Amino acid sequence: MRVAMIGTGYVGLVSGACFADFGHEVTCVDKDQGKIAALERGEMPIYEPGLNELVAVNARAGRLKFTTELASAVKAADAVFIAVGTPSRRGDGHADLSFVYAAAREIAGALDGFTVVITKSTVPVGTGDEVERIIREARTGCDCAVVSNPEFLREGAAIRDFKHPDRIVVGSTDQRARAVMTELYRPLYLNRSPILFTDRRTAELIKYAANAFLATKITFINEIADLAEKVGADVQEIARGIGLDNRIGSKFLHAGPGFGGSCLPKDTLALLKTGLDNAAPLRVVETVVAVNDARKRAMARKVAHALGGELRGKTIAVLGLTFKPNTDDMRESPSIPLITALQDMGAKVRVYDPAGMEQAKAHIGDVAFCRDAYSCAEGASALVIVTEWEQFRALDFARLKDVMERPVLVDLRNIYRPEEAARHGFAYESVGRARKV
Ligand SMILES: NC(=O)c1ccc[n+]([C@@H]2O[C@H](COP(=O)([O-])OP(=O)(O)OC[C@H]3O[C@@H](n4cnc5c(N)ncnc54)[C@H](O)[C@@H]3O)[C@@H](O)[C@H]2O)c1
């Protein structure tokens, strides 16, 4: 099949490269000329493990092309995916659909022959109706079908997730469109990833319901962690104890500094707006959002607590800036409000991240960017682990102790055991584990 992917970001580039790897002919379109020029030189605009090789192989085979020319890519395509951003709209938290609608208008002008237009971006329920209205208004009598096909990949494991999804959701009642979607995803279907066919509105809501549920699960275990600290229990054992129950499941039960990233924060907010607009308020999700917001600054108080309550004039080293490991994505990372709160309390902040340093520069200021974990720790009164990158899992404690002003470790991802830190002479704070040392 010939595929045009409109928007070559985290989702569009990974999806485009994977579809090409399945044998389809894919053209990835982006209006960002710098991004397309870099891709044509073989340089990845994002950090995603395995992406470089996947893009190189398929570009070499002639199945994956990059362009800023939307019209020619759409004209030639059987399937056109919209994978542009849908950030939170400034001011009210609604999803900003201006990129989606602009793409729909451009696509409408270029359609040629029966084409399936697929919204892969995360969009509020009813957006597919509006995309279809825009296209039909611009091209009366156009032979096309508008489908919802939300994406569930996770940054950091995006290729694996795309190629081995738990499910593929296709929202359309049009039989021709369903046939095209089945053909596009055939290799996965053969691998037994279930395709769930629904109507379009249901597919749109599945995506938001999934993300809101995941955000709820994280927030639930975070609150249990706070209680565990107060009553002398261990949240990791609680997570295991409840996660082994199949009805609950063990995933997304890691207590930490609160959820962030490019999806959960904006998608929970957008879902709340949809609920209010439809007189079906989602009280559970409202609470999840509020609890999570409060949590990020509360983590700075945890750091202060580890140092006797006072941060003024102290140097704090922060390890990990991205919202999770194996990505360079800084959008809504918990590290951002944490660092601001530390600075508000008078601390000087040194930071290090294995992949997110460049992106971080747009989000945090007045910090010292360091070249590795050990230079970051120099002169610090506390070392705070915010993102659980593999390279932070086996830090050389003796080396850290040599360069730090005080051996204090605040482990917001529970990657060390309290006894281990104590053995190395570190005062240790973590999340949801009563202080035994
Ligand atoms: N990032 C994730 O992990 C993830 C996972 C699942 C779903 N999603 C959803 O997928 C969508 C895309 O997310 P992302 O993280 O890939 O965004 P992104 O910001 O990384 O990429 C969007 C790209 O679209 C381009 N673009 C915007 N308007 C365009 C137009 N008219 N023509 C061509 N290109 C255009 C931008 O230049 C940008 O490169 C969002 O709705 C998001 O919620 C993201």
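Select Glu106 together with the ligand: a nitrogen atom of the ligand is 3.5 Å from an N or O atom in the side chain of Glu106, a polar contact being a pair of N or O atoms within 3.5 Å. This is a predicted model, in which local features need pLDDT of at least 70 and side-chain atom pairs count only at pLDDT 80 or more, while totals for chains, interfaces and linings use all residues. Residues are numbered from 1 along each chain as its sequence is written, and side-chain values use heavy atoms, with hydrogens and water left out.

Then show Lys266, which has a polar side-chain atom 2.6 Å from an oxygen atom of the ligand. Of the 840 Å² of accessible area that the ligand has on its own, the protein covers 91% (Shrake-Rupley method, 1.4 Å probe).

Now widen the selection to the 26 residues that surround the ligand, the closest being Asp30, Lys35, Thr86, Glu155 and Lys266; a residue is taken as near if one of its heavy atoms lies within 4 Å. By class, this shell has 8 nonpolar, 8 polar and 10 charged residues, with Gly counted as polar and Asp, Glu, Lys and Arg as charged.

Move on to the open sheet of 6 strands, whose order is β11-β10-β9-β12-β13-β14 with parallel pairing. Strands here are DSSP runs of E with at least two residues, and helices are runs of H or I with at least four; two strands pair if DSSP finds at least two bridges between them. β11 (368-369) and β14 (427-429) stand at the edges with a single partner strand each, so one side of each is left without a neighbour in the sheet.

Finally, select helix α14 (residues 335-344), which lies across β9, β10 and β12.

How values were computed:
Contact = heavy atoms within 4.5 Å. Axes fitted to C-alpha atoms, helices over the stretch in contact; angles between N-to-C directions. Polar contact = N/O pair within 3.5 Å; in protein donor to acceptor, adjacent residues only side chain to side chain.
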